[in-house]
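Please look over the structure shown below.

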Amino acid sequence: MQKKLWPAVAIAAAVSAAAHAELPTPGLDFAPLSTVLNAFASAAAHRRAETLVGKMTIDEKLQFIHSEYAMSAVPGGGAGYIQGVPRLGIPDLNMADSSTGSGSTSQASTTFPSTIGLAASWDPALAWNFGKQIAIELRQQGFGMGLGGGTNLAREPRGGRLFEYLGEDPVLAGEMLAERTDGTQSQKVIATIKHYMGNEQEHGRNGGNSQIDERTMRELYLLPFEIAARRAQPGSVMCSYNRVNGTYACENSHILNDVLKNDWKFQGQVQSDWGAAQSTAPAINAGLDEEEDVGSTVYLTPTLVKQAIANGSVSTARLNDMVERKLYVMIRTGVMDDPAKAGPINFAAANAFTQSAEEQSMVLLKNASNQLPLAAGALSRIAVIGGHADAAVLTGGGSGNTRDPVTGAFAGCGGLTFGTSTGCSWWTNPWLKLNTPLVSAIQSLAPQAKVTFSGNSDQQSPFAAYTQQQISDAATLAANSDVAIVVVAQPAGEDFGDLTSLALANPTNQDALVEAVAAANPHTIVVVESGNPVLMPWKDSVSAIVEAWYPGEGGGKAIANVLFGKVNPSGKLPVTFPVRDQDTPTWGTNGAFATNPVYTEKLDMGYRWYDSQNITPMFEFGYGLSYTHFAYSGLSVLHLPGNLIDVSFNVRNDGRVAGAEVPQVYLGVPYQGEPPRRLVGWDKVGLNPGESRRVHMIVTQRMQSVWDTTNSRWQYVPGSSVFVGASSRDIRLQGHS
Ligand code: NOJ
């Protein structure tokens, strides 16, 4: 992805296959050098796996393709468990959810920021580290497999699980997923990527039929999986609960056999989402390799698979293939020879990482009259209002939740003492009690100021609406303060289902709170904790807005550091923030969710939709401000052999503080049905004031191609327009390829 090369080097890279291999690019076409080297290791792993399969009895093989325990009984609080074969030196394999940290239900874990925030960092190196840090903790808890690689695209901006994913662009999502996967597997933890595929909403998730044409699938919804599968070789792909074009994803031969295993040459295993398998022989023959058990009907049991083999509906060769895939993955990732063992966890180091990850993920959406950063010395009274900012931050609900904060045993709502338990089991628990909540973090950065909290009480249900008294107390406090920081929160998650609207809900009257505070104090700053885009009817009445996503356990300090300029924000939106629900591609006439969604907008999803429909969003994809300013100049678009394009330009920090910019390259591909712009590359460039850098991006042939439905192959389209911008709409330079 990073293209920090001089032009001559770039050209040499383009004509030399070996150099190609060393030149990471977004998307696909190049085989990274590591992949080439890995091919040798892979061949050896295959031979060893094959030999082991030859020594296994039928019963040993059968126990290897389904979870030994239903989810609630998995040792160590994991989600699934494959029993090993001690006589052959094959260890047991315990797996856990890991979207925002280990999802063990019985062990203390660190809560990382949500992965939509990770995508907002646009920093592949951070994604690698994120995968690595979570894997370190998983291993220390005894897990050899992490299920956290969620990457369904944000087609439905109200999607309950958006916080677990990586935004609306397939290349950004794919790139970040590939890096995260690599980071995880570097620690001898098998990485799963999910939910494959067409699982873009929670409505109808059990069997809902996502109807997506082939070109749209290939160019959008399959692409992040393809990038990650090809580039990072995750050990596992999890098939989803829904149907794709009429057939359950876990028995859909087209997406599993044709696309994943044949086209992409995926050598790992396909595991079902928990309870997503729907049959024995059809699923196995369509490509399902392992079934996970949620505690309901199971189909890949020894008895049923034995019967299927006996009646000829499943071949022994296919059973061997299923087992071999699993063994191969265990060998290649190191899990076979060095299985996870429980050990001491360095929570302090993990906590520091979560804070720095969050600092790179926050997006500054508005900063009128340079309201931010706050100058501590100039403030004597600071109001912090709402969002339980005196105690906690919001996290996402469901299996993407990290259930047991490191601060101690789980107690109701993340250790808070809310008066009612509404929404407060670990599964749906959206609140994470912090060691250093925002109020304390602000106080330590502004020691001379009086920092006062007002708003919802921890004794109240977390979803209870603010009372009139609470709103008027908050406004009075704001009126008597130099600055008012309002925290608003949008709970969402697997168990919440999808949101009905992007308007703030739970508490329902957060907009009224913001309006009242903004009316009382012209220096009102809103901090948003959400996993989804949020409507902001108060946008024009407040002076600054920061999107903090679900910020994880370092969130209090990280947010304070951004507000006070200890950290210059550098995040950019991985999802469009619309003005109104009605502007989103899936709203239709009344916002009703289809149980069987038809992807009628085709390629016009996310920013592609707003661009093609000429709808101005509130904040566009790729948008994010900084405390400094960056100037772009000197675009050059160079053709290289192999239909590569070298796009280069200068970025200069022409402001007064150091900062990092994310210059983005988009292509307008001149082909029927293509949207005005597609993202093909970006960089994250740290620059001191006055410093400038020449940025290079190599755009591969594949990134200039469309899916040719007639011939079922990628078709290169020459002559794309090239756009270089600070966002998908803030285009600073334009050229032609
Ligand atoms: C169901 C979820 O869809 C999936 O993402 C998760 O990994 C499993 N449950 C296990 O918790």
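Is Asp482 buried, partly exposed or exposed? Asp482 counts as partly exposed because its relative accessibility is 22%; buried means under 20% relative accessible area, exposed over 50%, and partly exposed in between (1.4 Å probe, protein chains only).

## Basis of the model

This is a predicted model, in which local features need pLDDT of at least 70 and side-chain atom pairs count only at pLDDT 80 or more, while totals for chains, interfaces and linings use all residues. Residues are numbered from 1 along each chain as its sequence is written, and side-chain values use heavy atoms, with hydrogens and water left out.

## Domains 1 and 2

The protein chain is divided into domain 1 (48–333), domain 2 (358–583) and domain 3 (607–736); the bounds come from an automatic or database domain assignment. Between the C-alpha centres of domain 1 and domain 2 there are 34 Å. In contact across this boundary (heavy atoms within 4.5 Å) are 45 residues of domain 1 and 40 residues of domain 2. The size of an interface is often given as the accessible area lost when the parts come together. Here the two domains bury about 3100 Å² between them, 53% of it on carbon and sulfur atoms; buried area is the accessible area (1.4 Å probe) that two parts lose on being put together, summed over both. On the side of domain 1, Thr111, Arg158 and Phe163 lose the most area to domain 2, together 21% of what that side buries.

Domain 1 and domain 2 have two salt bridges between them, a salt bridge being a side-chain nitrogen of Lys or Arg within 4 Å of a carboxyl oxygen of Asp or Glu. There are also 20 residue pairs in polar contact across the interface (both at pLDDT 80 or more). A polar contact is a pair of N or O atoms within 3.5 Å; within protein, one must be able to donate a hydrogen and the other to accept it, and residues adjacent in sequence count only if both atoms are side-chain atoms. Helix α5 (residues 115–121) gives the largest share of the side of domain 1 that touches domain 2, with six residues. By class, that side has 16 nonpolar, 20 polar and nine charged residues. Ala, Val, Leu, Ile, Met, Phe, Trp, Tyr, Cys and Pro count as nonpolar, Asp, Glu, Lys and Arg as charged, and the others, Gly among them, as polar.

## Salt bridges

The structure holds 38 salt bridges. One of them joins the side chains of Glu179 and Arg231 (4.0 Å, N to O). Glu179 lies in helix α7 (residues 170–185) and Arg231 in helix α9 (residues 223–232), so the pair ties together parts that are 52 residues apart in sequence. Helices (H or I, at least four residues) and strands (E, at least two) are DSSP runs, numbered from the N terminus. Both Glu179 and Arg231 are buried.

Glu674 forms a salt bridge with Arg215, with the closest N and O atoms 2.6 Å apart. This pair links distant parts of the chain, 459 residues apart: Glu674 is in the loop between β21 (664–668) and β22 (678–682), and Arg215 is in helix α8 (residues 214–221). Glu674 and Arg215 are both buried. A further salt bridge is made by the side chains of Asp482 and Arg381 (3.2 Å, N to O). Asp482 lies in the loop between α16 (468–479) and β15 (483–490) and Arg381 in strand β11 (residues 381–385), so parts 101 residues apart in sequence are tied together. Arg381 counts as partly exposed, at 40% relative accessibility.

Where does His46 lie? His46 is in helix α3 (residues 33–55) and is partly exposed, with a relative accessible area of 22%. Leaving out residues up to four places away in sequence, His46 touches Gln267, Glu324 and Tyr328. The side chains of His46 and Glu324 make a polar contact (3.1 Å). The C-alpha atoms of His46 and Tyr328 are separated by 5.6 Å, although the two are 282 residues apart along the chain.

Arg139 lies in helix α6 (residues 124–140) and counts as buried, at 16% relative accessibility. A polar atom of the Arg139 side chain lies 3.1 Å from the backbone oxygen of Lys188.
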